[in-house]
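Please look over this protein chain with me. We will go from the overall build to single residues.

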Amino acid sequence: MTAIKHALQRDIFTPNDERLLSIVNVCKAGKKKRNCFLCATVTTERPVQVNVVKVKKSDKGDFYKRQTAWALRDLAVVDAKDAVKDNPEFDLHFDKVYKWVASSTVEKNTFISCIWKLNQRYLRKKIDFINVSSQLLEESVPSGENQSVAGGDEEAVDEYQELNAREEQDIEIMMEGCEYAISNAEAFAEKLSRELQVLDGANIQSIMASEKQVNILMKLLDEALKEVDQIELKLSSYEEMLQSVKEQMDQISESNHLIHLSNTNNVKLLSEIEFLVNHMDLAKGHIKALQEGDLTSSRGIEACTNAADALLQCMNVALRPGHDMLNAVKQQQQRFSDLREQFARRLASHLNSVFVQQGHDQSSTLAQHSVELTLPNHHPFHRDLLRYAKLMEWLKNTDYGKYEGLTKNYMDYLSRLYEREIKDFFEVAKIKMTGTTREGKKFATLPRKESAVKQETESLHGSSGKLTGSTSSLNKLSVQSSGNRRSQSSSLLDMGNMSASDLDVADRTKFDKIFEQVLSELEPLCLAEQDFISKFFKLQQHQSISGTTTNEAEEMDGVTLSRSYASGVPQPISSEKDMIRQMMTKIFRCIEPELNNLIALGDKIDSFNSLYMLVKMSHHVWTAQNVDPASFLSTTLGNVLVTVKRNFDKCISNQMKQMDEVKISKKSKVGILPFVAEFEEFAALAESIFKNAERRGDLDKAYIKLIRAVFVSVEKVANESQKTPRDVVMMENFHHIFATLSRLKISCLEAEKKEAKQKYTDHLQSYVIYSLGQPLEKLNHFFEGVEARVAQGIREEEVSYQLAFNKQELRKVIKEYPGKEVKKGLDNLYKKVDKHLCEEENLLQVVWHSMQDEFIRQYKHFEGLIARCYPGSGITMEFTIQDILDYCSSIAQSH
């Protein structure tokens with residue numbers, strides 16, 4: 001162990017300036033690993049650091065390497081496991097508990113004892129030593145002579161110092177001079193003592209010899225002090241001389257400071273003047289442009305625009321503190337204000353004249369559009385005005401009052417211009433709508449004044465805003481003009497062979513095209529004007545808007561369009577998008593009333609026109625909302641769409657009302673009811689109009705209302721019918737409804753189609769049974785008696801023994817119904833059915849075939865009773881099933 005200790009000291013700890021005090025050979029508890037060494041070390045430098053180092057033998061050789069080190073101050077507990085018995089295990093508690101097993105108990109105790117001594121000597125820290133023998137701890141207590149024993153190792157460790165290289169070299173030279181030093185240490189020590197005495201004597205002689213030199217040195221020091229006194233006198237005189245120089249330099253320095261301060265002030269003053277000159281000086285060319293610039297040419301407008309921007313920059317410059325108190329600055333600001341006021345007045349006057357001039361030029365083009373269904377193009381007008389857009393923005397930022405005045409003037413002028421154009425446009429549309437009669441003749445249209453046209457248009461509305469006239473295509477009221485009017489018809493049969501349906505389709509198609517053209521002309525006109533207003537008046541179209549609607553935007557004359565203007569800065573009180581919508585409302589205030597008048601006219605011409613208008617208006621509203629749901633166009637068309645929807649609902653309601661009020665003739669057969677035919681026409685027309693339409697849901701709701709009303713009215717008429725049997729009315733009309741729904745394939749009416757088919761089938765069967773009745777009446781009564789006897793409990797084969805139902809009685813009854821009489825009865829029945837049924841529905845053969853089947857069923861029933869109740873009698877009917885088929889066929893062919 002001593003050899004290992006020296007090897008570790010030499011190889012590991014000496015290079016790190018450490019001394020190895022104790023060592024123990026250990027391995028980790030519970031693990032089979034190679035042994036390692038725990039070493040207790042101290043550093044050679046102060047302050048002394050005490051460590052516990054783990055050393056392990058390298059895997060690649062016989063040398064050792066330092067693996068882990070813990071500071072002794074971090075040690076909290078030393079657990080020896082057992083203080084009485086020998087136990088090689090012990091624990092050291094650092095940051096965590098390390099469990100070790102020593103190679104021997106002696107090494108373990110020696111290592112723990114060394115730890116105790118180091119703690120007592122260097123740390124004085126309370127380390128808990130548990131399960132440690134008290135003898136180990138007592139050995140470390142220093143007392144009397146035992147101190148040299150107990151603490152001997154540590155004392156020796158403290159006093160021991162290694163020789164450095166030079167000391168080792170000197171000792172070697174000395175020992176080489178005395179070869180006997182090793183063999184005779186006493187002689188070597190005696191020699192060293194003699195040499196030390198010689199050296200001490202030499203030192204004493206040297207000190208005594210240096211006394212003379214000390215005296216000489218003292219004399220030199222005295223002379224040096226005298227020289228120092230002289231130098232101090234000279235320095236004092238020099239200091240007095242420098243004091244005067246210092247005063248003069250102070251005066252010069254103060255003068256230089258004043259000069260520097262003056263220069264600094266001049267530089268700052270120059271900077272302020274340059275700032276004012278550079279930012280508040282307007283070029284003469286700009287001043288001339290503002291005062292005399294040509295506002296009619298593009299070059300002049302550009303020059304005025306640049307000058308106005310330069311003026312705005314000069315007026316909006318951020319002055320530094322104190323500038324506004326300078327008279328020159330005040331004068332310049334006043335000059336700028338005068339220039340701004342002068343140019344703003346000149347610009348506003350010019351733009352007002354441009355509005356008037358452009359309006360005059362635009363009015364001259366109205367004549368060529370009056371005979372065509374087109375609106376004048378305002379693009380040239382917008383293009384010319386957009387050259388002033390930047391100047392309008394400048395006016396908006398500098399003089400909002402004049403900007404607002406121009407806005408109002410523009411709205412006043414444009415509202416009159418557009419009102420004139422739009423009214424003429426709608427007059428042409430109305431003439432085109434009403435210019436052709438049912439017979440294809442044109443009305444005699446004479447020139448009319450605008451007031452007369454307006455009066456005629458307003459006459460379409462009653463005091464309550466409702467329109468009169470028929471809502472049915474079969475009972476429609478046309479517009480009266482030049483004594484021509486369309487006649488009313490009460491039912492489809494009254495139309496005769498006229499091509500009224502074709503004329504209706506042509507009229508409706510023409511109306512649809514005219515209405516579509518009206519909307520197609522209005523839409524780009526409004527969008528172009530809105531885009532121009534946004535660009536010309538510098539209003540943003542895409543902002544967050546308030547919840548106000550177009551209905552809340554009143555006339556601009558009475559609405560505060562302006563912004564509160566404080567300190568020359570406009571303060572917006574509403575979004576610019578609201579302002580655009582309000583301007584559009586004022587300019588196009590006549591569009592909504594004119595559209596409503598046109599819609600009322602179309603509804604009066606033919607209430608079915610509301611279907612066309614609902615589809616077209618819905619499509620245009622959908623398109624407008626996709627562009628901007630809050631725009632004037634979108635809102636206006638949406639309001640008009642409400643009117644169209646009301647007309648559509650009124651059309652449906654009127655049809656339902658007519659169904660409820662229908663009266664049938666008591667002298668003629670009913671046939672297909674007028675409102676059933678009208679529903680067919682309505683459905684066919686609606687399906688062609690609403691194909692791929694956005695408002696399909698409205699039509700489906702109307703279908704449900706109408707079909708239910710048709711069902712109710714058919715049943716009502718059938719119950720009131722006197723000439724025609726109820727079952728015939730129900731059968732024919734529900735058959736017609738079923739055929740219509742099957743042909744049109746309306747998905748929302750699938751349930752009604754099934755219901756119509758069921759009603760038709762039920763009433764067909766009921767009519768057949770009722771009409772056919774009992775064609776072999778006596779025979780039928782006879783067999784009813786037979787069935788009654790059987791029901792009373794008499795066996796079927798015993799019925800023939802009953803007196804009233806014997807074979808003889810049966811033969812008598814059968815003889816009363818020869819084939820000739822049967823055919824005659826069937827012929828009378830056919831004539832009766834023919835009188836009941838109408839020709840339009842062509843159900844005679846269907847009913848006749850059903851009656852034939854029912855008659856054959858009764859015949860088979862009688863034959864079955866004869867076979868069961870009169871077996872072996874050989875009794876048969878005087879005609880066969882084939883005879884019945886032949887009778888029915890010949891009767892049908894003869895008629």
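Helices (H or I, at least four residues) and strands (E, at least two) are DSSP runs, numbered from the N terminus. Residues are numbered from 1 along each chain as its sequence is written. This is a predicted model, in which local features need pLDDT of at least 70, side-chain atom pairs count only at pLDDT 80 or more, and totals for chains, interfaces and linings use all residues; side-chain values use heavy atoms, with hydrogens and water left out.

Start with the whole chain. It contains 30 helices and ten strands. Residues are sorted by relative accessible area: buried means under 20%, exposed over 50%, and partly exposed in between (1.4 Å probe, protein chains only). Of the 895 residues, 42% count as buried. Accessible areas come from the Shrake-Rupley method with a 1.4 Å probe, and for residues only the protein chains shown count as cover. The accessible surface of the chain is about 51,000 Å². Carbon and sulfur atoms hold 51% of that surface.

Contacts come next. A contact means heavy atoms within 4.5 Å. Take the contacts between residues at least 6 apart in sequence: 71% of them join residues at least 24 apart.

Arginine 695 gives a local view. This residue sits in the loop between helix 22 (674-689) and helix 23 (696-720). Is arginine 695 buried, exposed or partly exposed? Arginine 695 is partly exposed, at a relative accessible area of 23%. Setting aside neighbours within four places in sequence, arginine 695 touches Leu614, Ser618, Leu641, Lys645 and Phe690. Leucine 614 is 81 residues away from arginine 695 along the chain, yet their C-alpha atoms are separated by 7.7 Å.

Patches are made of residues with over 30% relative accessible area and no salt bridge; like charges are joined within 9 Å, and nonpolar side chains (Val, Leu, Ile, Met, Phe, Trp, Tyr) within 5 Å. A salt bridge is a side-chain nitrogen of Lys or Arg within 4 Å of a carboxyl oxygen of Asp or Glu. Lys and Arg count as positive and Asp and Glu as negative, while His and the chain ends are not counted. The place of a charge is NZ of Lys, CZ of Arg, CG of Asp or CD of Glu.

One patch is negative. Glu167, Glu168, Asp170, Glu172 and Glu176 form this patch. Glutamate 176 belongs to helix 6 (residues 165-177). Glutamate 176 is exposed because its relative accessible area is 60%. Another patch is nonpolar. Its members are Val214, Ile216, Leu217, Met218, Leu220 and Leu221, with about 560 Å² of accessible area together. Leucine 220 lies in helix 8 (residues 211-279). With 49% relative accessibility, leucine 220 counts as partly exposed.

Salt bridges are the next stop. The structure holds 34 of them. Arginine 345 pairs with glutamate 341, and the closest N and O atoms are 3.5 Å apart. Both residues lie in helix 11 (residues 327-363), four residues apart, so about one helical turn separates them. Arginine 345 is partly exposed at 46%, and glutamate 341 is partly exposed at 30%.

A further salt bridge links aspartate 384 and arginine 383, at 3.7 Å from N to O. Here aspartate 384 is partly exposed at 24% relative accessibility. Arginine 383 is partly exposed at 47%.

Which residue forms a salt bridge with aspartate 660? Lysine 716 is the partner of aspartate 660, with the closest N and O atoms 3.7 Å apart. Aspartate 660 lies in helix 21 (residues 632-661) and lysine 716 in helix 23, so the pair ties together parts that are 56 residues apart in sequence. Salt bridges that share partners also join Glu341, Arg345, Asp399 and Lys402 into one network.

Finally, look at the backbone. A cis peptide bond joins arginine 46 and proline 47, with omega about 0 degrees. Proline 47 lies in the loop between strand 2 (36-43) and strand 3 (50-57). Aspartate 17 is not a glycine, but has a positive phi of about 60 degrees. The loop between helix 1 (2-13) and strand 1 (18-28) holds aspartate 17. Lysine 538 also has a positive phi, near 55 degrees. Lysine 538 lies in the loop between helix 17 (500-536) and strand 9 (564-566).
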